[in-house]
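Keep the sequence and the model side by side while reading.

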Amino acid sequence: MKNKNQKRSKFSKQQQQKNNKAKKKKDEFFDDGTGDEYSDDDVIDSDEENGGKRRRVGVEEKEEDEFEKETADERRIRLAKQYIDGVKSSIKRRKEEEGEEDEEGEEEKEDERDSTVAKILEKRHLEESGRTRRSIASKVQRPDSEEPSRVLVKHRQSVTAVAISHDDMKGFSASKDGTIVHWDVDSGKTEKYIWPSEGVLKSHGVKDPQGQVMNHSKQVLALAVTSDGRYLATGGLDRHVHLWDVRTREHIQAFPGHRGAVSCLSFRWGTSELYSGSFDRSIKIWNAEDRAFIAPLFGHQSEVLTIDCLRKERALTVGRDRTMQLYKVPEESHIVFRASGSLECGCFVSDDTFLTGSNDGGIQLWSILKKKPVFIVKNAHPLVPTKDKGTNSEMLPNGHHDPIENKSFKADSACSTAHSWVGSVAVCPNSDLAASGAGNGLIGVWAIENENRSMKSLFQIPTTGFVNSLAFARSGRFLVAGIGQEPRLGRWGRIPSVRNGVVLHSFKLS
């Protein structure tokens, strides 16, 4: 039977080859030497006024068929060639606009263009991979006092988290009242995420409340968005990590597992791996694409407050136990950094440099090579006491090193000590530009000097309210701040006159 089937298949192949040869002989008029075959329906004659040119309809369909047959390696090569051609054309266009006339020969022009393309590609690759940093801080100009900050979104209660998509076009914010808002950076148009019913939530994985918790709380404390802008993750007091589809703004999955409130979230760049930190002192890793739990991480002796990730399989966490911990997931190890005071927040500057804020109003710069900060800015957000006789309040100078007690601060002062807690820090991705926020009425913008392992104050932005979250645009052209009447994780202080919302501060780059 096998021999008969083989003979039949050989006969059919031979017959098909003969038919193809016969077709080629009949259609020699339409043969353009490329081996493509077109029927009469694929050819449309244009008007004689246009020169009697022939257009062939169906060429695009033929090209699509060819692309479908190509392998993954061939597709990568084709896309790489297209990308290089685009870079070359942009270089040529720029030289034409600048009016540069090359008197060199064609070969020398081509060699110079290739070297320029190679330098541009190498620079972009290093920036995307995080192995080099952009010098943006020196280009940022102090914003004009006449140009007020733009309020993008208004919330009923304090904003707890903000995030920006990687294309700097969309933003996300959440507040203590459970509201999740998706907004456009340019137009300010907002769209709310609607929480589904209890039945739908249970079908998506939500478990019944346990312990003293009687009802599910919708209060959101953290959110994060993937690099491709497809998934949004939120977490809060209900002890679940909720996954949303950004395109449809629908709830698609809930991850149970934490025994305490979910206080922080972060997606690893370029992947769908999600890291969550909780008041139960644990960190958990999830996969948003597969809707699956990956692994737990332990090490903190108290609540986990903030978490951050870059491209590597590493997570940087800050806990209420006065430690910052760097988890190396593939090695199944972690490094503990101990601070002299209580840390409130932290983030990556690069793979081996970190930035934290503490409750004494200071910010610290860390290196992976040392267990203690390499640079400390004391009183970066000093306490601002209100005098009893209604006189103007005095502020300690930035970087002042004298202890607060020497400035006759009173315990019954109208300004609570919580106003000086640095509740949020942020770094513009792959750059030397950083920002810090507290409740003392200022957002500090800083330049991180990598060579000297130090920080320099660029300017301060007046802001009323508690700055609970900060997010830089990847271009460095604006900074988004989540403002609230209260701190993000409690009610240690309150400023009733503040309007809860999201404020955008624009920067001009020289």
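**Aromatic rings and the charges over them**

F459 and F507 are both buried. In this predicted model, the rings of F459 and F507 make an edge-to-face pair, with 5.8 Å from centre to centre and 70° between the planes. The label edge-to-face applies because the planes are over 60 degrees apart. F459 belongs to strand β28 (residues 454–462), while F507 sits in the loop between β31 (501–506) and β32 (508–509). The two residues are 48 residues apart, and their pair links distant parts of the chain.

The count of aromatic pairs comes to 10. Another of them is formed by F337 and W366, also edge-to-face, at 6.0 Å centre to centre and 75° between the planes. Here F337 is part of strand β20 (residues 333–338) and W366 is part of strand β23 (residues 363–367), so this pair ties together parts 29 residues apart in sequence. How accessible is F337? Its relative accessible area is 0%, so F337 is buried. W366 has a relative accessibility of 0% and likewise counts as buried. F337 and W366 also belong to one aromatic cluster, together with F348 and F354.

Which residue lies over the face of W195? That residue is K218, at 5.7 Å from the ring centre. At the ring of W269, the charged end of R474 sits over it, 5.2 Å from the centre. For both, the cut-off is a charge within 6 Å of the ring centre and within 35 degrees of the ring normal.

Methods: Residues numbered from 1 in each chain as written. Predicted model: local features only at pLDDT ≥ 70, side-chain atom pairs only at ≥ 80, totals over all residues. Heavy atoms only, no water. Phe/Tyr/Trp six-rings, centres within 6.5 Å; stacked < 30°, edge-to-face > 60°. Helix = DSSP H or I, 4+ residues; strand = E, 2+ residues; numbered from the N terminus. Buried < 20%, exposed > 50% of the residue type's maximum accessible area, 1.4 Å probe, protein only.
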